[in-house]
Amino acid sequence: MQCSVLEITHLIGKKWAVPLLYEMRLGKFQGFYKFTAKTKITPRTLSRELDELSKAGLLDKDANGQYFITQKGEELCVLVDDIKRWNIKWNSTHENCMNRSCIDCGYFNAIEPIAETIKAKKGS
């Protein structure tokens, strides 16, 4: 028997899961190719992530093949909002985090510099 809590935390802990859910939730996901153009995600990775989120019941497709967030996905975003509030309180995250998607805050543009900083600190 598998733990459903660990399964969902593993899924939303993936790099693109929460950003994709929030883009869908905020109505900012304007299609597959526009999303790959504005982010660093490859088409193959985006396809895999969308499939995983769909299999988990967090996203679905309409008759035109367009993805949308499901009620289950919406309710998960409410929990992520609680995590955001917790992070603002305890980790000095900017309050604008509550009003933005992960894509809008520039997080993905900063991943490489953050990774470089962490590597440098470990090396010293």
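This is a chat about a predicted model of a protein chain.

User: What kind of model is this, and how are residues numbered?
Analyst: Residues are numbered from 1 along each chain as its sequence is written. The model is predicted, so local features need pLDDT of at least 70 and side-chain atom pairs count only at pLDDT 80 or more, while totals for chains, interfaces and linings use all residues; side-chain values use heavy atoms, with hydrogens and water left out.

User: How many helices and strands are there?
Analyst: The protein chain has 6 helices and 2 strands. Both are DSSP runs numbered from the N terminus: helices are H or I with at least four residues, and strands are E with at least two.

User: In what order do they come along the sequence?
Analyst: The pattern is α-α-α-α-β-β-α-α.

User: How much of the chain is buried?
Analyst: Of the 124 residues in the protein chain, 31% are buried. Buried means under 20% relative accessible area, exposed means over 50%, and partly exposed is in between, with a 1.4 Å probe and protein chains only.

User: And the surface? What does it come to?
Analyst: The accessible surface of the protein chain is about 8,400 Å², and 55% of that belongs to carbon and sulfur atoms. The areas come from the Shrake-Rupley method with a 1.4 Å probe, and for residues only the protein chains shown count as cover.

User: What about R25? Buried or partly exposed?
Analyst: R25 also lies in helix α2, but it counts as partly exposed at 26% relative accessibility.

User: What does R25 touch?
Analyst: Not counting residues up to four places away in sequence, R25 touches I69, E74, C77, V78 and D81. Contact means heavy atoms within 4.5 Å.

User: What follows the helix?
Analyst: G27 follows α2, and its phi is positive, near 70 degrees.

User: How does α2 sit against α5?
Analyst: Helix α5 is residues 71–91; its axis and that of α2 come within 11 Å and cross at roughly 115 degrees. Axes are lines fitted to C-alpha atoms, for helices over the stretch in contact, and angles run from 0 to 180 degrees between N-to-C directions.

User: Which word describes that angle?
Analyst: The two helices, α2 and α5, are roughly perpendicular to each other. That term covers 65 to 115 degrees; under 35 counts as roughly parallel, over 145 as roughly antiparallel, and the rest as oblique.

User: Which residues meet there?
Analyst: From α2, V18, L21, Y22 and R25 meet E74, L76, C77, V78, V80, D81 and K84 of α5.

User: What about α2 and α4? What angle do they pack at?
Analyst: Helix α4 is residues 43–55, and it packs with α2 at an angle of about 75 degrees, with the axes 10 Å apart. The pair α2 and α4 is therefore roughly perpendicular. Here A17, L20, L21 and M24 of α2 meet L46, E49, L50 and L53 of α4.

User: New topic. How many disulfides are there?
Analyst: The count is 0 disulfides, where a disulfide is a pair of cysteine sulfur atoms within 2.5 Å.

User: What about C3 and C77? Buried or partly exposed?
Analyst: C3 is partly exposed, with a relative accessible area of 40%. C77 is buried, at 0%.

User: Where is T70?
Analyst: T70 is in the loop between β2 (67–69) and α5. At 15% relative accessibility, T70 counts as buried.

User: What does T70 contact?
Analyst: Leaving aside neighbours within four places in sequence, T70 is in contact with G57, L58, L59 and D60. The C-alpha atoms of T70 and R25 are separated by 9.1 Å, though these residues are 45 apart along the chain.

User: And K61, where does it lie?
Analyst: K61 lies in strand β1, residues 59–61. K61 counts as partly exposed at 45% relative accessibility, and its contacts beyond four places in sequence are Q66, Y67 and F68.

User: Last one: I88. Buried or exposed?
Analyst: I88, found in helix α5, is buried with a relative accessible area of 18%. Its C-alpha atom is 8.8 Å from that of M98, which is 10 residues apart from I88 along the chain.
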